[in-house]
Amino acid sequence: MAEQWYDKPMRIAALQCQFDGYEPLAVLDGWLERGFNVEQLFHPMASGYTAVYDDAAHGPLVRRYIARAKASGMRIILYVNVHILPPEQADKAELWGRRRADGGFHTAYDTYYCPCLNGPWTDRFMEVLDAVCRLDVDGVFLDGPIANECCCEHCRRRHREWFGPAAVFGENPAAFYGRTRGEFLRRSYRRFKAGKPDALFYVNQA
């Protein structure tokens, strides 16, 4: 097979925030001046310390940024957070959040709600991947996902489907949450690769 661009050394840049006086294209200029050839693109979509691509909110700037990056020889891998709900989605916790046994919600960093990988948030995330596929990106980077304790109705139903109605929910959490994470990643991989068969797909959490 012919050598691919990612078979060569990648000098990857990333800016995980925005700041006062922030000018996106100036960030790109800085990367190019310093010899980077790939960016894990986060900052044009930043919401606090997280970022999830939304085509309506971010599309014009992200497309402009990518076009200039690609014209300069910079490859773009788009960052997408999948372990917390961004602040603007906090009101979706009832529908998408990962629940504790007492009915409350799990949070990350004592701040952000966490999405349940067995619930309707996953369908929404697949739509995000579809939107990412319409961009001229060279890959996608998933920050997460996390699959551990969740006692919501979606997880209970999925547990019955996988292990049978006689199985006790919570008795073998490693098997259930390991399969939950694996199924989510397989579905995400297939969805992204259907639109971007030659692009990179990778995650940061084992």
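1. The largest pocket is lined by L117, N118, G119, P120, T122, D123, R158, T180, E183, F184, R187 and R190. Its volume is about 160 Å³. The search runs on a 1 Å grid over the protein atoms alone: a pocket is an open set of points with protein on both sides within 12 Å along at least five of seven lines, a cavity is a set where a 1.4 Å probe fits but cannot get out, and lining residues have an atom within 4 Å of a point. Grid points are joined across faces, edges and corners, and a volume is the space filled by probe spheres set on the points.

2. A word on the source. This is a predicted model, in which local features need pLDDT of at least 70 and side-chain atom pairs count only at pLDDT 80 or more, while totals for chains, interfaces and linings use all residues. Residues are numbered from 1 along each chain as its sequence is written, and side-chain values use heavy atoms, with hydrogens and water left out.

3. Which helix gives the largest share of the pocket lining? That is α6, with 5 residues. Both α4 (121-133) and α6 (173-195) supply at least two. Helices (H or I, at least four residues) and strands (E, at least two) are DSSP runs, numbered from the N terminus. By class, the pocket lining has 3 nonpolar, 4 polar and 5 charged residues. Here Ala, Val, Leu, Ile, Met, Phe, Trp, Tyr, Cys and Pro count as nonpolar, Asp, Glu, Lys and Arg as charged, and the others, Gly among them, as polar.

4. The largest cavity holds about 70 Å³. V52, N81, I84, P86, Q89, W121, R124, F125 and V128 line it. Helix α4 gives the largest share of that lining, 4 residues. The classes are 6 nonpolar, 2 polar and 1 charged.

5. The second largest cavity holds about 50 Å³. Its lining includes R98, C116, I146, C150 and Y177.

6. Turn to helix α2 (residues 55-71). At L61 the helix bends by about 30 degrees; the bend is the angle between axes fitted to the seven residues ending there and the seven starting there. D54 caps the N-terminal end of α2, with a side-chain oxygen 3.1 Å from the backbone nitrogen of A56. Just after α2, G73 has a positive phi of about 90 degrees.

7. Which residues of α2 are buried? They are H58, G59, V62, Y65, I66 and A69. Buried means under 20% relative accessible area, exposed over 50%, partly exposed in between (1.4 Å probe, protein chains only). An α-helix has 3.6 residues a turn, so residues three or four places apart point the same way. The cover over the buried residues of α2 includes α1 (24-33), β2 (38-41) and β5 (75-81).

8. L135 sits in the loop between α4 and β8 (139-143). Its relative accessible area is 3%, so L135 is buried. Beyond its neighbours within four places in sequence, L135 is in contact (heavy atoms within 4.5 Å) with Y53, V62, R63, I66, L78 and K196. K196 is 61 residues away along the chain, yet the two C-alpha atoms are separated by 9.7 Å.

9. D138 lies in the loop between α4 and β8. Is D138 buried or exposed? D138 is buried, at 8% relative accessible area. Its side chain makes a polar contact with the side chain of R75 (3.0 Å). A polar contact is a pair of N or O atoms within 3.5 Å; within protein, one must be able to donate a hydrogen and the other to accept it, and residues adjacent in sequence count only if both atoms are side-chain atoms.
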